[in-house]
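Here's a quick tour of a protein model for you. Keep the structure open while you read, and look for each residue as it comes up.

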Amino acid sequence: MTTATMDHSETYLPRTRARRISIARVFVRFAVLYALIGMGMGIYMGVAEDFTLRPAHAHINLLGWASTMLFALTYRAVPAMSESRLAIWHLAITTFGIVGMTIAMPLYFYGQEWVHPIIGIAMLAQVIGMSLFTLIVYRHF
Ligand code: HEM
């Protein structure tokens, strides 16, 4: 494809539409990664017959894969939500919380008790993220 025939439509989108697409897109891209990590843990547990990671597996699948995918679909379905200034904070704080949880929970369940406060912070971040999402839903859905 030559430069003249390349599709630049997304580059030329108005700022608000570009922002809407990127919030949903970032959420969905993280969601599929969490799903792979969560399923990988499930496969490991089944093969090794070691169920230590069961709570980490459940949280990464449900908060990581399922909730994040629902965020992505909601932002995609209701464009006005992405235009909220809070949306970027919802994305950043939620992602911080889930990535932190994804790293800290397996460590904790394999005996690294010092990560316990990190799990607390990661979970608090997710509550704050959900509170922001609640505000955005009530204002724009
Ligand atoms: C390749 C896919 C998956 C595999 C191989 C897998 C495997 C497992 C295994 C081996 C257990 C422990 C069962 C036991 O203790 O007897 C488990 C528990 C569980 N899984 Fe999965 N899983 C998969 C996907 C998912 C997904 C997609 C979700 C949710 C969206 C999920 C949610 C849960 C929950 C809630 C539990 C119970 C945790 C607990 O009792 O503490 N899993 N899974």
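Which residues in α2 are buried? They are A56, H57, H59, I60, L63, G64, W65, S67, T68, F71, A72 and Y75. Here a residue is buried if 20 or more other C-beta atoms lie within 10 Å of its own, exposed if 12 or fewer, and partly exposed in between, with C-beta atoms placed from the backbone.

Before going on, note that this is a predicted model, where local features need pLDDT of at least 70, side-chain atom pairs count only at pLDDT 80 or more, and totals for chains, interfaces and linings use all residues. Residues are numbered from 1 along each chain as its sequence is written.

**The overall picture**

- The chain has five helices and zero strands; helices (H or I, at least four residues) and strands (E, at least two) are DSSP runs, numbered from the N terminus.
- Read from the N terminus on, the elements go α-α-α-α-α.
- The chain has 141 residues, and 30% of them count as buried.

**Around the ligand**

- There are 15 residues surrounding the ligand, and the closest are M39, G42, M45, A58 and N61. To be near a molecule or strand, a residue needs its C-beta atom, placed from the backbone, within 6 Å of it.
- The elements giving two or more residues to this shell are α1 (15-48) and α2 (54-77).
- Of the elements, α2 gives the most to the shell, with eight residues.
- By type, the shell divides into nine nonpolar residues, five polar and one charged. Ala, Val, Leu, Ile, Met, Phe, Trp, Tyr, Cys and Pro count as nonpolar, Asp, Glu, Lys and Arg as charged, and the others, Gly among them, as polar.

- V26 lies in helix α1 and counts as partly exposed because it has 18 C-beta neighbours inside 10 Å. V26 and T68 are 42 residues apart in sequence, yet 9.7 Å apart in space, C-alpha to C-alpha.
- A31 is also found in helix α1, but A31 is buried because 21 other C-beta atoms sit within 10 Å. Its C-alpha atom is separated by 6.0 Å from that of G64, a residue 33 residues apart from A31 along the chain.
- G42, one of the residues closest to the ligand, has its place in helix α1 too. With 16 other C-beta atoms within 10 Å, G42 is partly exposed. G42 and H57 are 15 residues apart in sequence and 6.5 Å apart in space, C-alpha to C-alpha.
- How does the span of α2 work out? The 24 residues of α2 should span 34 Å at 1.5 Å a residue, and its end C-alpha atoms are 33 Å apart, so the two agree. The expected span of a helix is 1.5 Å times one less than its number of residues.

**The loop between α1 and α2**

- E49 lies in the loop between α1 and α2, and E49 is exposed because it has 6 other C-beta atoms within 10 Å.
- Most residues other than glycine have a negative phi. E49 is not a glycine, but has a positive phi of about 50 degrees.

- Helix α4 (residues 86-109) has 24 residues and reaches 34 Å from its first C-alpha to its last, close to the 34 Å expected at 1.5 Å a residue.
- Its buried residues include H90, L91, I93, T94 and M101. M101 counts as buried because it has 24 C-beta neighbours inside 10 Å.
- The C-alpha atoms of M101 and A122 are separated by 5.5 Å, though these two are 21 residues apart along the chain.
- How do α4 and helix α5 (residues 116-140) pack? Their angle is about 155 degrees and their axes are 8 Å apart, which means α4 is roughly antiparallel to α5. Axes are lines fitted to C-alpha atoms, for helices over the stretch in contact, and angles run from 0 to 180 degrees between N-to-C directions. Angles under 35 degrees count as roughly parallel, over 145 as roughly antiparallel, 65 to 115 as roughly perpendicular and the rest as oblique.
- The contact of α4 with α5 is made up of 21 nonpolar residues, seven polar and no charged.
- Just after α4, G111 takes a positive phi of about 100 degrees.
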